[in-house]
Every structure is written in structure tokens, then in C-alpha cells.
Amino acid sequence: MNDYRRIADRIADDIATGRLRPGQRLPPQRAFARRRGIAPSTAGRVYGELVRRGLVVGEVGRGTFVRAAPDGPAGQALTEPGPATAPVNLELNYPSTPGQPELLAPVLAPLLRPDVLAEALLPAAATGTEAAREAAATLLATPGWRPAPQRLLFTGNARQAIAAVLASLVRPGGRVGVEQLTYPLVKEIAARLGITLVPLAQDASGLLPEAVAAAHRSAPLSALYVQPTLHNPTSLTTSRPRLLHLAQLVHDLNLPVVEDRIWSFLRETGDPLAAHAPDLTHVVDGLSKRVAPGLTAGFLVVPPHRVDAAARAVRSGGWNAGRFALEAAVRWAGEGTVARLVAAKRADAARRQRILAEELAGFTVRSDPGAYFAWWELPAPWRADTFTAAAAAHGIAVTPGPAFAVAPGHTPDAVRVGLASAPEPDLRRALRTLAHVAERRAGDRTGP
């Protein structure tokens, strides 16, 4: 039977008559199937037929969008692919510098001796080893702060550290304050733990203390999750006066804090919130950005009285770090490998920011000169989902602003551009293409 084609015909008619607008996102296939009373497999065939007819464009992980209307030379649609080029992923953001494998390999070689390997393959406790605690304390230190080694715990990665500390602090149903734009995986972690996230306003200096206080008065917060240094996605770093104000506020409220510092290695100065509120702040960091995503460890610095509770959460969640990764981290840190990688990545990020500034000149882009990402506020009348679909059709992946939004219905017309993963020539080419796409639609006031 051709039932799926008849359904596709009706959707095509909705597109032709304007009931479905260019750039509009179609429901997920399962939701579409429920609404139509059809099997999910039939819904998949409907969407496939719409793609075949050139009426919609699908992006893995983002959804299916109605193609943009013809606009530009020869009537080419903005969501029609341009000249064939290799895909460029500006959504993934894992920095890697030239010569990195050659720098890492010699340090790993001693671990492959049978006697050393036997030890390195044993299970690791949440507290790691004494050598790992000392190495991590030195690695995380700033000019005015060095965590006490006995306060260090270890997980498989920084995301697991966030999950563990939130699980140890917040019961299901509890409320956690977060910046109004936040790391998307925090939203997923909160959903799995049954935690309600409360969006809090920010300004150019960072999180607004009065927003924290007002939310806490409304209904007590169980904790606060913040990214004061190179906030993802805006790359904002909280000013020192604001940081001191927040430290005093959480002290007055006796409010635990989870401070995410995964990108802080890119800034040479500045102490964490933990330096000013050590008895309340839980610091999360890791090796995935400093070193490499494939062999990593998460670091968790907790207040002295919370070490046991946080360690229990690590164990119960199965979030322990691998002993091999810890042994590698100790050697990389001790022999200066991590420091050399950090220096190289700071220089690499600065070069990529210069490319960004050149190719997106004239647009509203918020970014730190040393960050590996940028927040692009799109020109009207672009919407984040429409622009993401248009970028995908040109073989370029970006992250739409709503992925970071905490408040329901809050859909910032912006995208995050990751600068770390693409080779520099590909990055320049992709940014230039995106600028051309944005300019064409910005000049079309009849668009969506």
C-alpha cells in the first residue's frame, strides 16, 4: 500500500500553501506517528519520502526541517547544498594540537611494562592514589588557590563528576540554580536524577547575585551549578568583584556550589570561586580538553566534610576513574606534558579566534580571545533552528542556541560555534560559508 505517500502528499500540500513555513521543524518521528495513529516505521517512510522530494532536510541529532524558500542566485534554496565539500563539524569541540600524539606516547611507554601494567589495570577507588591526588592538586592550582590533595576525588570524566556531585547534594525533586544558558548535558543529568533546574539571569559580569537570592527565596535551592570561567556557550568569565559578591552570597545562604572549570585552563590568571568559598564549593575539572577525550579522568574537589558523601555517590553511580587513566595523568602532569599541551592549546585557540574575527566581522559574536567557542547572535530574521538546518545542508554542524536554554520556550536566536575540532583551513572555509548564508537571509525581509 502507498498510505505513507498519501500522508507525504498532505505534508507537501501544507508546505506548498505556507501552513508549514520554511525552516520550521517537523515533530520527531515517534511523536508524528502517535499524532497520526500510524506505526513509527510508516512515519519514517513519510519523512524519507519528503526528503526524497526535496521538501525537507534532516540533520542527525537535531531533527527535520522544511527547506528554506528559494532565495539567491539561480533560485538556489539556502538549505540546498553548495559545491561538494567535506563536512565540517563546528559542534564537536575537542582541541588537539599538531604533534600531540608524539608528545603523549613516550610518557605512556613505561605503563606497558608487564609489572607496571598489572598495577595500572587494577580497579581505582574514588579517592585515586596518593600520587594522583598530588598531581591533580598541582594541575588545578591557580596563583591564589591550591586544593588540598585529601579533598580530591576522581571519576571517568568531568560529566561523571558533575553527576556524582549533584547526586550527593540534591535529592529527587530538589531545585538547582543554573545560568539561564548552560551546558546541555547538565540538563540531561538533572532529568535523570529527578532534579529541577532553575534558570538564573546573567549579565556581562556573570551570574546576577540578586537572581540567585530571589530564586532561593521563592523556594529553597539545594545547590548552584555555575561556570564562572569561560562559560559555555557565551565564553564569559565572571569579573572578580562579581565572584566575591557571589562567594559572600552563597556563604550567607549556606548554599552549596558546583563550579565547572573544564575550560579554565585556557586562561592564565584568575582564581576559582572555590578560593573564596572553600567550604561550600565543589570544583569539577578534567583532562578531556587539556589532553585528549579518548583517555581522560574527571577531577572533583569537595569541601572537607563532604569527601565521604561524594565518594559514595561516585561508587554507587559506577563513575570511578580507570586506574590506567590515572596513572597516565600522573606521568603526563609530572613530566610537564600537560603544561606543554596547555601552552600549545592556548596559542591554538588564539589563532582560531583571529580566524573567527576575520570571517564573521560585522556580525554580533560574543567570545573571549582565548576561548575555543563563540556565541553568534544571528541577524534577523534568522531563527536558530532555521540557521542550523541551512548550515547542515552546507555540510556544517553548529549547535543551536535553544540547546543551552534552561527556561521552557526560551529560544535564543543564536548558535554556538565550536572552534577546536576542525583543521584551520576547514574552519576558515566553514565560517566564510556561514557568513554568506547569514548575509543572504539577513537581506531577505520576506523570510520566516
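Two strands pair if DSSP finds at least two bridges between them. Helices (H or I, at least four residues) and strands (E, at least two) are DSSP runs, numbered from the N terminus. The model shown is predicted: local features need pLDDT of at least 70, side-chain atom pairs count only at pLDDT 80 or more, and totals for chains, interfaces and linings use all residues. Residues are numbered from 1 along each chain as its sequence is written, and side-chain values use heavy atoms, with hydrogens and water left out.

**View 1. Strands β14 and β17 in an open sheet of four strands.** In β17, Gly-418 is the bridge partner of Phe-373. Strand β14 (residues 373-377) and strand β17 (residues 414-418) run antiparallel and are joined by five bridges. The sheet has the order β13-β14-β17-β16, with antiparallel pairing. At its edges stand β13 (364-366) and β16 (399-400), each with a single partner strand, so one side of each is left without a neighbour in the sheet. Helix α14 (residues 384-393) packs on the sheet and touches β14, β16 and β17; contact means heavy atoms within 4.5 Å. The direction of α14 makes about 40° with that of β17. Axes are lines fitted to C-alpha atoms, for helices over the stretch in contact, and angles run from 0 to 180 degrees between N-to-C directions.

**View 2. Helix α4 against helix α12.** The axes of α4 (residues 100-108) and α12 (residues 323-334) come within 9 Å and cross at roughly 110°. The two helices are therefore roughly perpendicular to each other (angles under 35 degrees count as roughly parallel, over 145 as roughly antiparallel, 65 to 115 as roughly perpendicular and the rest as oblique). Leu-104, Val-107 and Leu-108 of α4 meet Phe-324, Ala-328, Arg-331 and Trp-332 of α12. These residues divide into six nonpolar, no polar and one charged. Here Ala, Val, Leu, Ile, Met, Phe, Trp, Tyr, Cys and Pro count as nonpolar, Asp, Glu, Lys and Arg as charged, and the others, Gly among them, as polar.

**View 3. Helix α4 against helix α13.** The axes of α4 and α13 (residues 337-359) come within 10 Å and cross at roughly 170°, and the helices are therefore roughly antiparallel to each other. Gln-100, Leu-103, Leu-104 and Val-107 of α4 make the contact with Thr-337, Arg-340, Leu-341 and Lys-345 of α13. This contact has four nonpolar, two polar and two charged residues.

**View 4. Helix α12 and what covers it.** The buried residues of α12 include Arg-323, Glu-327 and Trp-332 (buried means under 20% relative accessible area, exposed over 50%, partly exposed in between, with a 1.4 Å probe and protein chains only). Their cover includes α4, α5 (114-120), α6 (130-140), β4 (152-155) and α13. After α12 comes Gly-336, whose phi is positive, near 85°.

**View 5. Strand β5 in an open sheet of seven strands.** The order is β4-β12-β11-β10-β9-β5-β6, with mixed pairing. Edge strands β4 and β6 each pair on one side only. Neighbouring strands are turned by 25° against each other on average, direction ignored. Strand β5 (residues 175-179) is mostly covered, with five of its five residues buried. Five bridges join β5 to strand β6 (residues 196-200), and the two run parallel. In β6, Thr-196 stands opposite Arg-175, and Pro-199 stands opposite Val-178.
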